[in-house]
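This briefing covers helix packing and a few selected residues. Please look at the sequence and the structure first.

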Amino acid sequence: MAVSGLVVLVLASSPWLWTTLAAHGHLYTAADAPAADVVIVLGTEVAADRQRPGDRLAGRLDTAAELVNSGRAKVVLVSGDGGGASGDEPAVMTTYLAERGVERRRVVADPFGLDTYDSCARAREVYGVERALIVTQSYHLSRAVTLCRQLGVDVDGVTAHCDGCGAALLAEKSVRDYFASGKAAWDAVRDRPPAVRSPVSPAVEDALRG
């Protein structure tokens with residue numbers, strides 16, 4: 001019984017193990033991140049006023065601004081839900097970055113990054129990104145890195161700041177991400193197309209030339 005229970009546990013954990021092991025060697029802090037032309041910032045909830053980022057999103061954007069201002073990245077691709085329940089994530093992200101010294105011409109907004117898989121797929125298919133940094137919190141970073149690399153984007157992950165994120169919240173999100181790894185593995189296995197298909201956009205290339 002104990003052996004069969006262990007087998008079940010290992011099988012249930014295999015998607016999480018996949019994301020963890022595949023991301024090994026590709027995780028950095030903002031201070032030691034390698035350089036890349038593009039940094040992808042994954043969206044999440046905005047604040048109650050629908051005008052400002054929530055704590056987790058602000059941490060991701062602060063980290064991205066740090067990468068741009070230090071010369072480690074040139075263009076920011078903000079990828080989130082433009083019609084999300086909490087507000088227009090990419091619009092809020094763009095404004096916040098501008099307030100932190102990132103020129104608006106250096107920010108490209110993808111309003112159809114409806115989940116992590118879609119953000120990675122669209123970065124490659126729509127915006128032509130082949131090499132990038134990706135920024136999110138530690139509990140989410142391995143899954144994001146693994147999915148992007150699976151989808152053809154050579155990414156390195158950068159751990160986002162998370163001022164105001166308490167231990168209980170981080171534990172909750174870590175558990176959620178453990179289970180989300182199952183969906184990530186299934187999406188990757190079946191090569192799911194993104195929920196919204198768009199024509200190829202030169203926006204990132206134009207921003208790099210600008």
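Helices (H or I, at least four residues) and strands (E, at least two) are DSSP runs, numbered from the N terminus. The model is predicted, so local features need pLDDT of at least 70 and side-chain atom pairs count only at pLDDT 80 or more, while totals for chains, interfaces and linings use all residues. Residues are numbered from 1 along each chain as its sequence is written, and side-chain values use heavy atoms, with hydrogens and water left out.

**Ser 79**

- Ser 79 belongs to strand S3 (residues 75-79).
- Ser 79 counts as buried because its relative accessibility is 1%; buried means under 20% relative accessible area, exposed over 50% and partly exposed in between, with a 1.4 Å probe and protein chains only.
- Residues up to four places away in sequence aside, Ser 79 touches Val 41, Leu 42, Gly 43, Met 93, Asp 110, Gly 113 and Ser 119, where contact means heavy atoms within 4.5 Å.
- With Ser 119, Ser 79 makes a side-chain to side-chain polar contact of 2.7 Å.
- A polar contact is a pair of N or O atoms within 3.5 Å; within protein, one must be able to donate a hydrogen and the other to accept it, and residues adjacent in sequence count only if both atoms are side-chain atoms.

- The buried residues in H3 are Glu 89, Pro 90, Val 92, Met 93, Thr 94, Tyr 96 and Leu 97.
- Their cover includes strand S2 (38-42), H2, S3 and strand S4 (107-110).
- Gly 101 follows H3 and has a positive phi, near 90°.
- Helix H2 (residues 55-69) and helix H3 (residues 89-99) have axes that come within 10 Å and cross at roughly 45°. This angle makes H2 oblique to H3.
- Axes are lines fitted to C-alpha atoms, for helices over the stretch in contact, and angles run from 0 to 180 degrees between N-to-C directions.
- Angles under 35 degrees count as roughly parallel, over 145 as roughly antiparallel, 65 to 115 as roughly perpendicular and the rest as oblique.
- H2 passes H3 in a right-handed crossing; a crossing is left-handed if the near helix is turned anticlockwise from the far one by less than a right angle, and right-handed if clockwise.
- H2 contributes Leu 57, Ala 58, Leu 61, Asp 62, Ala 64 and Ala 65 to the contact, and H3 contributes Met 93, Tyr 96 and Leu 97.

**Helix H5 and its neighbours**

- H5 and helix H6 (residues 167-189) pack at about 15° with axes 8 Å apart, and the two helices are therefore roughly parallel.
- The crossing of H5 past H6 is left-handed.
- On the H5 side, the residues that meet H6 include Tyr 139, His 140 and Arg 143.
- The axes of helix H4 (residues 116-125) and H5 come within 9 Å and cross at roughly 35°, in a right-handed crossing.
- Thr 116, Tyr 117 and Cys 120 of H4 make this contact with His 140, Arg 143, Ala 144, Leu 147 and Cys 148 of H5.

**Tyr 139**

- Tyr 139 lies in helix H5 (residues 138-150) and counts as buried because its relative accessibility is 14%.
- The side chains of Tyr 139 and Arg 56 make a polar contact (3.3 Å).
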